[in-house]
Amino acid sequence: MNTVIPLRAEASGCAKPEVLQERGQREVFCGLTGIVWLHRKIQDAFFLIVGSRTCAHLVQSAAGVMIFAEPRFATAIMEERDLAGLVDAHEELDRVVTRLLERRSDIRTLFLVGSCPSEVIKLDLARAAERLNGRFAPRTRVLNYSGSGIETTFTQGEDACLAALVPTLPVATGKAPGLVVVGALADVVEDQFARLFAAIGLPHVQFLPARRSDAMPAVGPDTRYLLAQPFLADTARALERRGARRIAAPFPLGAEGTMQWLQAAAAAFGIDAAVVERATAASRERATAALARHRALLQGKRIFFFPDSQLEPPLARFLSRELGMVLTEVGTPYLHREHLAEELALLPEGVRLSEGQHLDRQLDRCRAERPDLVVCGLGLANPLEAEGFTTKWAIELVFSPIHGFEQAGDLAELFARPLRRRSLLATPAVNAVKAA
Ligand code: SF4
């Protein structure tokens with residue numbers, strides 16, 4: 001069933017974008033996918049999926065070739081006898097974890113990651129984590145979260161992981177209010193942001209997640225937090241339970257989003273906007289030059305987003321305002337009205353937003369629009385390419401460093417590349433080579 005729900009007026013500036021809410025068949029990855037970027041980020045953590053061979057294959061193929069001498073994730077595969085209740089799954093799990101931690105003294109945080117199979121048999125991983133903590137903490141802290149694909153989308157894996165970390169964060173003791181940036185960022189991006197924050201007078205910004213378990217940020221009632229990703233609703237709730245307060249801002253995608261994100265942080269700490277202007281001038285100039293290189297190709301091109309990562313609204317804002325693309329539909333799996341209020345206010349008037357998915361109907365709308373570029377999941381990309389559409393894999397936007405001024409050009413390039421590839425394939429010379 002579909003319904004159209006108007007957004008609150010104050011969330012959307014002068015216009016009141018309407019949101020088409022859809023329920024039906026969906027086409028998304030599950031939350032296990034988050035392990036692919038989280039295991040790179042938290043360098044002394046290990047992700048143990050309690051799942052099936054399917055789960056193991058999914059993560060292994062999403063992560064590609066393993067580049068570590070010692071891997072940072074694995075799957076404890078549940079066999080038929082586990083699923084049939086013929087063995088005690090808790091005993092089996094204890095054996096696997098003990099073997100792992102005896103062999104790997106470098107693991108400081110162990111995440112037990114639930115999956116569809118572990119949820120179907122109601123294996124209580126919270127109880128398992130508590131029991132294992134009794135044996136292995138403080139050397140190794142054992143936490144649990146769900147990466148299951150039942151009613152979730154793939155970026156919720158990161159949300160669930162960070163929400164599990166929040167209760168374990170140290171208590172902030174300093175008198176001065178602290179700033180925590182929330183959301184896994186590539187190390188290079190985190191370093192750039194740390195330098196920019198220092199330049200505007202915020203030298204002690206902390207990041208969640210940190211690169212090491214003993215460097216996770218401290219949180220308390222004086223903590224202000226700034227979301228770097230739009231899909232962290234549970235993490236935000238957990239932080240607020242600890243007393244932290246969110247700084248409302250658009251997300252740091254593109255030059256404009258990054259600038260407004262930094263300005264919002266500065267304003268929350270009483271720093272003048274002119275200080276941010278000065279500290280970011282060179283970075284903004286580089287971003288503007290990098291974007292100009294892509295504008296000629298992207299300007300006026302029509303883009304259609306299928307719901308996938310929850311990054312769709314900020315990406316749409318960036319593409320429309322900084323590159324002149326035309327938004328035919330912006331689909332997103334979930335639309336967090338409060339966290340996205342600043343983004344929605346920046347979208348063009350009358351833009352079609354859809355939340356959730358009814359795959360067949362959305363495919364019909366996409367075919368009717370004939371957009372120049374479709375952003376979608378891997379499963380839809382090949383069939384749509386076969387129909388003559390040019391596609392961009394949504395998951396690539398989560399795997400790539402795209403935040404901040406220095407990455408604005410790379411972000412635009414991710415959308416320009418498929419269009420260039422399509423036009424090359426359409427040239428007679430390439431077609432002649434193909435024919436030969
Ligand atoms: S968690 Fe569920 S959706 Fe994800 S790979 Fe395992 S079985 Fe499939």
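Let's start with the layout. The chain splits into three parts: domain 1 (3–27 + 288–426), domain 2 (31–152) and domain 3 (179–277). Note that domain 1 is written as two stretches of sequence, 3–27 and 288–426. Keep in mind that this is a predicted model.

Now look at domains 1 and 3. How far apart are the C-alpha centres of domain 1 and domain 3? They lie 25 Å apart. The two domains are in contact, with 27 residues from domain 1 and 23 residues from domain 3 taking part.

Stay on the domain 1 side. Which helices each supply at least two residues to the side that touches domain 3? Four names here: H11 (273–298), H12 (312–323), H13 (341–346) and H17 (408–426). H12 gives the largest share, seven residues. What about the classes on that side of domain 1? Count 14 nonpolar, seven polar and six charged residues.

Next, a single residue. Find Thr33. Thr33 sits in a loop, between strand S2 (18–22) and helix H1 (35–41). Is Thr33 buried or exposed? Thr33 counts as buried, because it has 26 C-beta neighbours inside 10 Å, and the cut-off for buried is 20 or more.

Who does Thr33 touch? Leave out residues up to four places away in sequence, and the contacts are Ala62, Phe154 and Gly157. Now pick out Leu58. Along the chain, Thr33 and Leu58 are 25 residues apart.

To recap: H12 brings seven residues to the side of domain 1 that touches domain 3, and Thr33 is a buried residue in a loop.

Terms used
Residues are numbered from 1 along each chain as its sequence is written. This is a predicted model: local features need pLDDT of at least 70, side-chain atom pairs count only at pLDDT 80 or more; totals for chains, interfaces and linings use all residues. Domain bounds come from an automatic or database domain assignment. Two residues are in contact if their C-beta atoms, placed from the backbone, lie within 7 Å. Ala, Val, Leu, Ile, Met, Phe, Trp, Tyr, Cys and Pro count as nonpolar, Asp, Glu, Lys and Arg as charged, and the others, Gly among them, as polar. A residue is buried if 20 or more other C-beta atoms lie within 10 Å of its own, exposed if 12 or fewer, and partly exposed in between; C-beta atoms are placed from the backbone.
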